[in-house]
Each structure stands twice: as C-alpha cells, then as structure tokens.
Amino acid sequence: MRSLLTTILCLVGTPAFAGGSEPLNNFFERLAGLEGKDTRIAKVAWYGDSGVISDGYTGELRARLQKRFGDAGPGFMLASATFDDYLREGVRLKRQGWEASSVISGDLDSGRYGYGGIVATSYGGATATYEAKEPVSAVEVWYQGHAKGGKLQLFIDGAGEASATQSTKMDKVGDDVWRVVLDKPAKSIKLRAGGDGQVRVYGVVLDRGDKGVQLDAVGI
C-alpha cells in the first residue's frame with residue numbers, strides 16, 4: 001500500500017503558519033526524500049481564485065516540481081464547476097448535465113461541499129470526461145454517499161460499456177473514495193451518473209504511478 005503525504009499550503013494573503021519559525025521544514029524534507037528511495041506521493045493543495053481556476057502559475061509550479069521530484073499525475077479535479085474557465089494543464093475536461101453547488105453560495109443545508117468546495121449532483125446521465133496528455137494508472141472518485149444514492153460508472157479510453165460501477169447508497173450521509181486501479185494506463189476517463197438515485201460527486205483524482213508530486217489547483 002502506498003504511503004500518501006498530504007501537505008496543505010493555503011495561500012490566502014495572511015500568515016498561515018503563525019507560531020512556527022520553520023513551518024515548512026517537514027515538507028521540504030519529504031520532497032528531498034523523493035529524490036532518494038522514498039516511495040510516496042507528496043500532495044499540495046493550492047486554494048485560490050481566478051488565477052488558480054485557470055491553472056496558470058499553479059500549472060507552471062506543478063511542472064517544475066514534477067520534473068524534479070517525480071510526476072504522480074494531475075491530481076484532484078472537480079466533476080463540474082459553478083464558474084467558467086476551469087482549466088488544468090495537461091488535462092482537458094468536458095462536462096455536461098451536472099448541477100453544481102459551491103461553498104461560496106452556502107445554499108446546502110448539509111454544509112458538505114467537499115475538498116474542492118463544490119459538489120456536483122445528478123439523478124442520471126451527467127458526465128465528466130478527463131482527457132489527459134499522458135496516461136494515468138489509477139482513478140479515485142471522491143463522493144458523498146446517502147440513503148438514496150445512485151450509481152457511478154467509469155468508462156476507460158472510450159469503452160462502450162462501463163469498465164467499473166460503484167453504488168453510492170449508504171445508511172447515513174457520509175463521504176467516501178472509490179479507487180480504481182486500471183489494468184493498463186489510459187488517457188481518457190469518463191465518469192457518468194448511472195441512475196438509480198442521486199449521485200453527489202466532489203471530484204476525481206488522476207494518479208500516475210506511486211511516487212512524486214501532485215499539485216491540486218483548487219479554485220473556488
């Protein structure tokens with residue numbers, strides 16, 4: 001089982017690490033380990049606004065980190081967004097049919113918007129297709145389960161039938177991760193709401209190997 005290092009860097013214009021003189025030492029030590037024998041993914045979450053939504057400087061930083069410390073894949077991407085110009089360097093996203101709710105609007109009684117601050121819902125038929133320039137080896141779907149949860153389907157590299165299916169039905173509301181390791185690397189991943197109830201999706205993680213860096217550009 002892989003070891004996953006999650007390091008959160010919140011760049012919001014105010015001191016995020018008050019009380020520690022060397023708050024990023026552990027992060028840099030972990031990166032240094034990736035140049036050696038460490039097998040892990042160092043994951044950075046960069047929250048921001050329009051500059052992050054379009055993955056401009058975040059895309060450049062991701063490329064530089066991955067060139068030096070290893071390319072662990074595109075990382076987390078939303079299934080749908082409440083704004084235009086949502087881009088990710090190295091991945092083309094085509095989405096249709098979703099209803100999306102943002103933490104900015106705050107209109108959900110549950111208060112559950114997920115890691116990316118946006119939850120996408122559908123009773124069936126909505127799709128999100130991720131077309132990567134370089135193949136990925138595993139896919140994670142981060143979703144919210146509930147008593148009337150529907151099915152999620154994954155279609156790999158344009159397959160006519162679902163390559164994998166997951167029920168999101170749970171006795172009570174809760175968050176979960178559906179991880180699918182691909183039989184062989186693929187460039188096209190389509191997520192579909194398969195009916196039988198409402199699905200609530202936070203996003204998808206695209207992995208490429210089990211060592212290196214992922215930088216999630218989380219624009220809200």
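How many aromatic pairs does the structure hold? The structure, which is a predicted model, holds seven aromatic pairs.

**Aromatic rings**

- The rings of Phe-27 and Phe-28 have their centres 5.6 Å apart, and because their planes stand at 55 degrees, the pair is tilted.
- In the pair made by Phe-83 and Tyr-86, the ring centres lie 6.1 Å apart and the planes meet at 70 degrees, so the pair is edge-to-face; both Phe-83 and Tyr-86 are buried.
- One aromatic cluster is formed by Tyr-47, Phe-76, Tyr-115 and Trp-142.
- The ring of Phe-155 has the charged end of Lys-190 sitting over it, 4.9 Å from the ring centre.

**Nonpolar cores**

- The largest nonpolar core has 41 residues, and of these Tyr-130, Val-141, Leu-154 and Ile-189 touch the most other members.
- Two or more residues of this core are given by each of strand 3 (75-77), strand 4 (91-96), strand 6, strand 7, strand 8 (151-156), strand 10 (174-193) and strand 11 (199-207).
- Strand 7 supplies the largest share of this core, namely eight residues.
- Another core, of 12 residues, lies apart from the largest one, and Val-44, Val-52, Leu-215 and Ala-217 are among its members.
- Leaving aside residues up to four places away in sequence, Leu-154 touches Val-139, Val-141, Ala-162, Ser-163, Ala-164, Trp-178, Val-180, Ile-189, Lys-190 and Leu-191; among these contacts, Val-141 and Ile-189 are also named with Leu-154 as the core residues that touch the most other members.

**Strand 8 and its partners**

- Strand 8 is mostly covered, in that five of its six residues are buried.
- Strand 8 pairs with strand 9 (residues 164-167) in the antiparallel sense over four bridges, and within this pairing Leu-152 stands opposite Gln-166 in strand 9.
- Strand 8 is also joined to strand 10 by five bridges, and these two strands likewise run antiparallel.
- Phe-155 stands opposite Lys-190 in strand 10, and Lys-190 is the residue whose charged end sits over the ring of Phe-155.

**Ala-126 in a loop**

- Ala-126 has its place in the loop between strand 6 (118-122) and strand 7, and at 1% relative accessibility Ala-126 counts as buried.
- With residues up to four places away in sequence not counted, Ala-126 touches Gln-96, Gly-97, Trp-98, Leu-191, Arg-192 and Ala-193.
- Between Ala-126 and Trp-178 there are 52 residues of separation in sequence and 18 Å in space, taken from C-alpha to C-alpha.

Definitions and conventions
Residues are numbered from 1 along each chain as its sequence is written. This is a predicted model: local features need pLDDT of at least 70, side-chain atom pairs count only at pLDDT 80 or more; totals for chains, interfaces and linings use all residues. Side-chain values use heavy atoms; hydrogens and water are left out. Rings of Phe, Tyr and Trp (its six-membered ring) pair if their centres lie within 6.5 Å; planes under 30 degrees apart count as stacked, over 60 as edge-to-face and the rest as tilted. Buried means under 20% relative accessible area, exposed over 50%, partly exposed in between (1.4 Å probe, protein chains only). A charge sits over a ring if NZ of Lys or CZ of Arg is within 6 Å of the ring centre and within 35 degrees of the ring normal. Contact means heavy atoms within 4.5 Å. A nonpolar core is a set of buried Ala, Val, Leu, Ile, Met, Phe, Trp, Tyr and Cys residues joined through side-chain atoms within 4.5 Å. Two strands pair if DSSP finds at least two bridges between them.
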